[in-house]
Amino acid sequence: MGPAGTLKLPGRSAGRRDRSEGYERVRRLRIALLQWSDPGVWRVNARVDGIDWRVYAIVDPAFVTGDVLERARALMAAGVGVLQLRDKRGQARQTWELGRALVEAAEAFATKIVINDRLDVALACGAHGVHVGPHDLSVAAVRQVVGERLLVGGSAGDPQRAARLVAQGADYLGVGALFEARAVKSDASAPQGPALIAAVRAEIGDEVPVVGIGGISAANAGAVAAAGASGVAVIRALCGAEDTGAATRELREAFDSGRSPGRAG
Ligand SMILES: Cc1ncc(COP(=O)(O)OP(=O)(O)O)c(N)n1
Ligand SMILES: Cc1ncsc1CCOP(=O)(O)O
Ligand SMILES: [Mg+2]
């Protein structure tokens, strides 16, 4: 149930007009059943309204050339809508301190700060959101703890998992790996290509923002947009770029060039 007592379901939208009414009814019923079977979770769109998903920067200290905070500030100044801190060093104190600095820096920008993996750190540093994958707390568990307070993102490697995460209350999805990314994440899947985005869209519809992830650069961001993504989540092409501002703009332009006219999110 949403805050006003309404059950908000992913609905049919422009990209899915070819679906039959019967199929659509069954899909909505399935999602309603999943939500009903776990009444502690819901989804509300207000948290994602107005976010520019096109470039979702992931700052991973292990892949940053130069100073991490400086890089993050340059990304915010270049207009990234979301900046995730992905700190796999494993020391909560270190991640929390960096997270707090990012949250403070973001006050001057329109950037949302998301903490990867760690709900405790996200809450403690006042981040806007948390991102969880298959080995982290579940989206449903996070949603039960935070209610409407935080943006909650989940990782999906296939359309069925994507639908389950939406039903659990995910505000957005990271979908991949689209291209080769095992040098960054050793357990990333083999490249699935932008077709995975299209398959996820076909399953969940257009209401939930979906960012593609894995091996994305200005060379392939347009194809990810054309497949129906709301944005691209990127580590190496941003954290290792010589000119952060230029790299961000190139990615955004490449993404925009592949977008269908009139697509909102
Ligand atoms: C936006 C976004 N999408 C996917 C991931 C991957 O999350 P996860 O599968 O939990 O893997 P780790 O990044 O934690 O190694 C992500 N971080 N961000
Ligand atoms: C965290 C993650 N999840 C799936 S692929 C990946 C790594 C993405 O890094 P890059 O953008 O450098 O390929
Ligand atoms: Mg994770």
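These legends describe close-up views of a predicted model. Residues are numbered from 1 along each chain as its sequence is written, and chains are lettered from A and ligands numbered from 1 in the order in which they are written. Local features need pLDDT of at least 70 and side-chain atom pairs count only at pLDDT 80 or more, while totals for chains, interfaces and linings use all residues.

**View 1. Asp87 and Asn116, two positions of the UniProt binding site.** An unreviewed UniProt entry places this feature at Gln84, Leu85, Arg86, Asp87, Lys88, Asn116 and Ser155. UniProt positions are given in the numbering used here, feature names are shortened, and annotations may be inferred rather than shown by experiment. Asp87 sits in the loop between strand 2 (82–85) and helix 3 (92–106). Helices (H or I, at least four residues) and strands (E, at least two) are DSSP runs, numbered from the N terminus. Asp87 is buried because 23 other C-beta atoms lie within 10 Å. A residue is buried with 20 or more other C-beta atoms within 10 Å of its own, exposed with 12 or fewer, and partly exposed in between; C-beta atoms are placed from the backbone. Leaving out residues up to four places away in sequence, Asp87 touches Pro61, Thr95 and Leu98. Contact means C-beta atoms, placed from the backbone, within 7 Å. Asn116 belongs to strand 3 (residues 112–116). Asn116 has 23 C-beta neighbours inside 10 Å, so it too counts as buried. Its contacts, not counting residues up to four places away in sequence, are Gln84, Leu85, Arg86 and His131.

**View 2. The shell around ligand 1.** Of its 17 residues, Gly133, Ser155, Gly174, Ile213 and Ala233 come nearest. Strand 1, strand 5 (151–156) and strand 7 (210–213) each give two or more residues to this shell. A residue is near a molecule or strand if its C-beta atom, placed from the backbone, lies within 6 Å of it. By class, the shell holds six nonpolar, seven polar and four charged residues. Ala, Val, Leu, Ile, Met, Phe, Trp, Tyr, Cys and Pro count as nonpolar, Asp, Glu, Lys and Arg as charged, and the others, Gly among them, as polar.

**View 3. Ligand 2 and Arg236.** Ligand 2 is surrounded by 13 residues, and the closest are Ala181, Val184, Gly214, Ile235 and Arg236. Eight are nonpolar, three polar and two charged. Arg236 is found in helix 9. Arg236 is partly exposed, because 17 other C-beta atoms lie within 10 Å. Its C-alpha atom is separated by 9.4 Å from that of Ala181, 55 residues apart along the chain. Apart from residues up to four places away in sequence, Arg236 touches Phe63 and Val184.

**View 4. Helix 5 (residues 139–146) and its buried residues.** These are Val139, Ala140, Val142 and Arg143. Seen down the helix axis, they fall within an arc of 160 degrees, so they line one face of helix 5. The arc is that of the directions from the helix axis to the C-beta atoms. The buried residues pack against helix 4 (119–124), strand 4 (129–132), strand 5 and helix 6 (159–168). Just after helix 5, Gly147 takes a positive phi of about 55 degrees.

Key
Two residues are in contact if their C-beta atoms, placed from the backbone, lie within 7 Å.
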